[in-house]
Amino acid sequence: MSSSTTSEAAAKPSGRKVPRHVWRGSAIFFVFVFATFLLMANDAQIWHGPLYGILAMMGATLGLLDAFGILKPANVPTDLPRVSLFSAQEGEPDWMAPKMMLPLAIVILIGGSVVFGFHQLPFIIVASLLALGVSAIRRPALLVFVMGSLLILPMLGSYGLWDPWETHYGEVSREILSRDDWISLWWANENWFWSKPIFIFWFEALTMGVLGFNYHPMGNPAHPEWALRLPVYFIAIGALLAVYSAISRSFGKRAGVLCATVLATMPHFFLLSHQAITDMHFVGTMIIAMACFMLAVCEDPTRVIKEYRVGPFVWSGRHTMIAVVTMIALPQALYLASRNIAFQAGFLFAWHRDQFIYGSPGNSGATPETSITGDPILATNDPAFNGIATQPIVQGLIWALGISVVLYFIFREKRARSLFMFGFYVFCGLAFMAKGIPGFALPGLVALLYLIASRRWGLLLDGHLRVALGILIVVVTGLPWFVAMYMRHGPAFTDRLLVHDHLARLTSGVHGDNGPIDYFMAQLGPGMFPWIALAPAALTIFLHMKSKHTAVSNEPSVEANIDPRRDMTTLIALWFVGAFVLFNAMVTKFHHYIFPAVPPVAILVGLVVDRMLGDTDEIPLRTRVWTMACGIGAAACSVLGIGGLIGDVRGAIPFETPGAERQDWVLEHKWNAAISIGLIAIGIGLAFIAARALRRNAKTNSTPVWQIAGVGTALACAPVVAAFVGRDLSWVTTQHPYGYERLIHLFVYNYGRAWPDVFDYRPILTGFGFTATLFLVLAVFRALRPIATRALLGVALCFAVWSLDVYLIDLSPHWGQKEVIQQYFQRRRSPDDPLVAWQMNWKGENFYTGNHVEKFVDLDNAKFRQWIERHRGAHAFVMFEHSRMESFRSLVSPRVVTPVTGMRENNKFLMVELDL
């Protein structure tokens, strides 16, 4: 009898007596559920309320597991393995184990933040992660976490939000807290917001609430960027760990780490992991869903999940799935129920029909005179469907019933394959909440294509895919908000979201470009640099990835001869084909729309890199670590040295340089030749030292010659691809976009906005392009391939670090408004000094002021003149585009207009002050 069966039997009641754990767990569950409900129904908002709600739901989840009798069974089998995540491994010193390094990392993070303050936070985060990295050397999953966090986290909140999408979505999320309404979305200037589903806004509002974000008008919260971008970080790290888990199961742990690394260092991924927009919420959850599907189809259908001891408790994959569904679905049902019951002072409850406000609290008033210009009068609305049967509490009870069914079947399930499928459906539900229909349609399409290509119809016909319960999981996790919105706002909501923003974008075009079939091919080059060069080799891996046993049974229900490697590469390839075809079929196109097709390419390229590294089993761990460090150092020195021979590698032109001299300033200010050549020599030396060490420790290669030849032939194409893409990134011609603009085009939507002419990144980008091409040339030769591959990994890592910690930081003041608006808070004489946004609608002016800004979007200045007359004598600050300066001076003449900011701070917007 298995340990799982033993613990289950021990938890069963004897006779009719209800076991103690049922009473205990049920009591804990209902107490915490009731506490969560009170938080939601409370008339007044509670500071850090979302934090208390999350903690209460965690308590409710533990109570539910206890009530099921699986958290702490009466007799825990003594043979259950213990979770040893923090213990030292065999041969590892105790000081390197997580039990020592994790507390040290936490002390560095918290203590450093207290002592050195926010401005040193990026360095504190790096120091903390490096401490944890000592333990990650022997733990591949932890290595993925540390590597991904080092790339994404340090500078995540250190620069302003980019207009219009980050500020746009951030303002909608801020209004959730300000309006205390987690169903109906509102945004400045255009009232109801219906063009995107809820997931990003809920996640951002939760992090803002947990961190105590000041959401009130003119609250001027400190560093709100951290609150808005942390959800993107969590999803991105979850996606990287999911890729590692899926690939390591069939291809080994090193392959899993490399696939996650390749994905993390693709510009499409790391740039969108730094943007609080919907793409990572959609693609990240889809990656996790597809990883669960890959694990399911490659899993032994008879394998029962393992249980582990965690102190006095038991934990398994079943516990995890129950917790995930409870934490995601139950709060939605509870919130709906709370819309009809108000919790008031004195522990009183009041029943009422659902009502919701129209307007922006603190900005919308009872009359036009008491409202901020551009905001409507504050009003109370009734739902479009206001019958008893359509009230939110009824919806909540229905969803609670569905959740109960789902949890019951998960509780009864012990097979690993089914639990992986449940994970697939849960994250399809989250992707549905993130992007709408594509969230479940694309993973479903890929799954169907896989069944057709593999002929494994037994997975479907024998019930292994758990489709019926899966549909219910998607419904209870992803659908409640859509139904609640329809009940409140009626067909107008679905017409906008489903007809306009789904069907119209697909068939007729909405905003964006209307490119041909090759539109996205031009975006994949910069979006996957330098890994795009290995795409031909990835096709070779797909064609030749076979294990020793390749025979497949003709009976689809018989899985004894299934080759998991071949099946997984087939699934990954179909994932790319499905995503590429679907988004190419859309008439509306933005550069970042192809992002869903990037992860499968990254995984296939990661498998190529794994093969290029060769067999390292007999190389000592210490040698593997320092040779990898040498490869990264060789790449960094080569990039800087080659770039320095061409021009100023920093790429920042002194602002006082006359405009006529800026065009080729960086090319005319080359680094000292001795320094550049010295760096190149150091890079060559590091590569030579590492190559010798690898050759001494290399195992005789037993890889079949035809496989080596296949990869080698495909690698011969790689330098050519790298050279062309590197040229496109670094060249500047008379036409836009310039090469260095292509990177920001991967996540902005308005490709015609002016580039600040004080930045010219041609030398450093030429260094990256030339270095990547050089190491790919060396990789063609079998003897040099191991060190060349390590150096290529170094190029990718250095490119990611430069893009995130230099490129984005340089440009963000010119694609946002944070620095400009901060001048208002620093220079205003009193909080009564008005701030005006004149002839602009970019949403940064709304978010950074809590929407407390006088908004004049229309080109007709009649309303603005009237506003000036009403505010005579006031000291005002006005924001507008640089090109409108003379028009504004003429409009307010003879008043003296004093510029507060200029082109140095922001090349698109400026602020002026004047006395009205």
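The structure is a predicted model, in which local features need pLDDT of at least 70, side-chain atom pairs count only at pLDDT 80 or more, and totals for chains, interfaces and linings use all residues. Residues are numbered from 1 along each chain as its sequence is written, and side-chain values use heavy atoms, with hydrogens and water left out.

**View 1. The whole protein.** The C-alpha trace spans about 85 × 85 × 55 Å along its principal axes. Of the 916 residues, 57% count as buried (under 20% relative accessible area; exposed is over 50% and partly exposed in between, with a 1.4 Å probe and protein chains only).

**View 2. Trp165 and Tyr169, a stacked pair.** Rings of Phe, Tyr and Trp (its six-membered ring) pair if their centres lie within 6.5 Å; planes under 30 degrees apart count as stacked, over 60 as edge-to-face and the rest as tilted. By this rule the protein has 63 aromatic pairs. In the pair of Trp165 and Tyr169, the centres are 5.8 Å apart with 15° between the planes. Both residues lie in helix α7 (residues 165-179), 4 residues apart, about one turn of the helix. Helices are DSSP runs (H or I, at least four residues), numbered from the N terminus. Tyr169 is buried, at 4% relative accessible area.

**View 3. Trp165 and Tyr749, a tilted pair.** The ring centres of Trp165 and Tyr749 are 5.1 Å apart and the planes stand at 55°, so this pair is tilted. Trp165 belongs to helix α7 and Tyr749 to the loop between α28 (705-730) and α29 (762-779), so the pair ties together parts 584 residues apart in sequence. Trp165 is partly exposed at 23% relative accessibility, and Tyr749 is partly exposed at 27%.

Methods
Helices (H or I, at least four residues) and strands (E, at least two) are DSSP runs, numbered from the N terminus.
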